[in-house]
There are 2 protein chains.
Amino acid sequence: MNSKVTIKDVAVRAGCSIATVSRVLNKSGPSSAASREKVIAAAGELGFQFNELGRSLQSQRTRTIGVIVPTLANPVFADAIEGIQATADDSGYQMLLNCANYDPAREEECLSTLLGKQVDAVILTVSDPATSQTLATLRGLELPYCLIFNQNTGDGHPEVGVDNTAAADIVGDVLVTHGHHNVVFVAVRFSTSDRSRQRYAGLCQAMARAGCPEPQLLEVDYEPENLELALAGLLAREPQTTALFASNDMLALACIRGLRALGKTVPDDISVVGFDGISIGDLVDPSLATIVTPGREMGRQAAAMMITALETNGRAPGNSRALSFTFRPGGSLAPRATGTPAGERSLPRRSTSPLHLITNRRSE
Amino acid sequence: MNSKVTIKDVAVRAGCSIATVSRVLNKSGPSSAASREKVIAAAGELGFQFNELGRSLQSQRTRTIGVIVPTLANPVFADAIEGIQATADDSGYQMLLNCANYDPAREEECLSTLLGKQVDAVILTVSDPATSQTLATLRGLELPYCLIFNQNTGDGHPEVGVDNTAAADIVGDVLVTHGHHNVVFVAVRFSTSDRSRQRYAGLCQAMARAGCPEPQLLEVDYEPENLELALAGLLAREPQTTALFASNDMLALACIRGLRALGKTVPDDISVVGFDGISIGDLVDPSLATIVTPGREMGRQAAAMMITALETNGRAPGNSRALSFTFRPGGSLAPRATGTPAGERSLPRRSTSPLHLITNRRSE
DNA sequence: TGGTTGTGTGTAAACGTTTCCAGTATGGTT
DNA sequence: AACCATACTGGAAACGTTTACACACAACCA
């Protein structure tokens, strides 16, 4: 029953050596029927359970996968985590989870802790793959690792994600098709999320192709009052805006609420599109038009990749995967109201402004 | 740089023994300025990092807290996890997370794994504290542990939660105040969640006090079609129902969507109240009337309790805490439409029926 | 009979730490 | 000069495992 029963205690009780106990319990070597019986009985009576610390120290493997994500507050990460957990579990692996809060310094700390705990592999999402010290460290180690959500890092890092740029490009097409030519991209953490930047780039690309003015970039935070203020400022300055593209679903929902607070109706006055495809987006009214990404599947595949690497040679084959996504139509996106024929005139550009309205900025 | 640098390597490079290296790096004993300097230099040059496996094996403590929750899909658990993480982190502890999927057998497995990994303490939510084998095991061990979400287990288990019954009682009062006398309690996993049952009990208590008919119990699953079907059946059988009380916010949102699909408007045709207070409930329209529980704070306090127990004597002082909650009004709850004066006549009871409509059932 | 094969077992080394203990200087007293 | 603290250091044991190795014993074959 007690957890401090060791293999030694079992050996004493079974009247044999600890080597025999180990061999029997692990089926890792020859043993007579007699000792098998005695050992198993003794282990059962004492409620013996292996101390994985000793085991891992000896075997140099912990059967633990370290995970670093920005937060659990965004369900899309929670999904991925569940995917990792499920897959790991199936193969007898554990998961050691850390949240880095979109902070590169915290990412490094988390990695350091994980390494100290001797995890066998690491699955992570970083703020900016291009400048990530964490990623550089990882590359220098001979430890399988894999990025999730980060994609197209173009640096040979193993990754499982979706093509954010392509997905956002499609959103752009859809918006144009619906008659939205003056679109604003709303982002939290633009500087600490390469996904945000890729999505903005994809949108810009589609809009440019359609000959529309370059989408404005509105950088906000989640605080409801601030968001409302920012949106109010936006509508005052860019009244011809007919659609918002939010960098993720949570933000999209917050925007819809903010617009509502300003007396605007979605989608009648303004359309909103999100990104991620969290399940809640489908519960609300209006339902959220968004890009659905396979969060859980990402976790699953990343975990599977790590486990394969561990069970075979020991090094991940860098077999990056771009998973497919779909655009999910929703009530938050409607064709532009036909009453006002505006939208084609190009806008005066401002390089900076209060209210976080930032123009033409591509990266931090 | 490499993670397989050991204290031995540092010792060689610094020209001293491993004992000295350990003393210097841990500041755990006397050391000369000269060796301090050499050791620190050597450790830095080699990129040495302690192997926590060796350390833990020796020190008999892992500075790791095991956590078992039902799922991450419900944001309320994600919140708690973040709270645990943050607090643990502040004190240099790690978190080992497992999801048990509302399955008592899985709960046991998870605990077993955690024990194997020699966690220093366990924070968990179980399906049913009264019958939980996991909890029984835990009690027999001398390992600090603490329940979260489970509350009023009445068995002396340390717990940090909210009084579900009292909270649901308040919901009942609010419903009555708003003129809702025919209420249905909608639950997922009624049999695998003591919280659900406590909330139902609280509602029943309040309704009985007000002289209202006993609330019906509608047990459903999350699948949209099934939920819609169940709701349709409910409305057909109990047309006088004016309000739904869902066992948690996610389910409440799903119900609102289901009702919408059936052509009903919330709150005009029927009111809906949730439980948990997830932040999304405040973003949607209508906003969700609900009980707000301090998920993150629960995690924080549970973690703090465990760490205190570990840093002091070693056994949790069983200092259970019932945290406070608040009722948050929301657009999903409105006074009963005055047009139809129904609602007072008592209903014919059925003991069972298709469509999962179950009457007067108090526990599994 | 002597050798080979095989099966079953125990001893002991290793994994990376911490820490007790005994030792060696050094310095300051008597 | 002998003594004793004091400050530092290294050897070695311990934590709980796995596993290489050596040994003992039986059975089999020539």
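Tutor: Start with the make-up of the surface near DNA strand D: eleven of its residues are nonpolar, 15 are polar and three are charged. Keep in mind that this is a predicted model. In total, 29 residues lie around DNA strand D. The nearest are A:I7, A:A19, A:S22, A:N51 and A:G54. Both protein chains take part. Chain A gives two or more residues from each of helix 2 and helix 4.

Now look at helix 1 (residues 7-14) and helix 2 (residues 18-26) of chain A. Their axes come within 8 Å and cross at roughly 100°. Helix 1 of chain A is therefore roughly perpendicular to helix 2 of chain A. On the helix 1 side of chain A, the contact uses A:I7, A:K8, A:V10, A:A11 and A:A14. Helix 2 of chain A answers with A:I18, A:V21 and A:S22. By type, this helix contact has six nonpolar residues, one polar and one charged. Two names return here. A:I7 and A:S22 belong to the helix contact, and both are among the residues that come nearest to DNA strand D.

Last, turn to the partner chain. Here 40 residues of chain A are in contact with 39 residues of chain B. On the chain A side, the elements that give two or more residues are helix 4 (52-59), helix 5 (75-90), strand 2 (94-99), helix 6 (104-116) and helix 11 (249-261). That side holds 21 nonpolar, 13 polar and six charged residues.

Methods: Residues are numbered from 1 along each chain as its sequence is written. Chains are lettered from A and ligands numbered from 1 in the order in which they are written. This is a predicted model: local features need pLDDT of at least 70, side-chain atom pairs count only at pLDDT 80 or more; totals for chains, interfaces and linings use all residues. Two residues are in contact if their C-beta atoms, placed from the backbone, lie within 7 Å. Helices (H or I, at least four residues) and strands (E, at least two) are DSSP runs, numbered from the N terminus. Ala, Val, Leu, Ile, Met, Phe, Trp, Tyr, Cys and Pro count as nonpolar, Asp, Glu, Lys and Arg as charged, and the others, Gly among them, as polar. Axes are lines fitted to C-alpha atoms, for helices over the stretch in contact, and angles run from 0 to 180 degrees between N-to-C directions. Angles under 35 degrees count as roughly parallel, over 145 as roughly antiparallel, 65 to 115 as roughly perpendicular and the rest as oblique. A residue is near a molecule or strand if its C-beta atom, placed from the backbone, lies within 6 Å of it.
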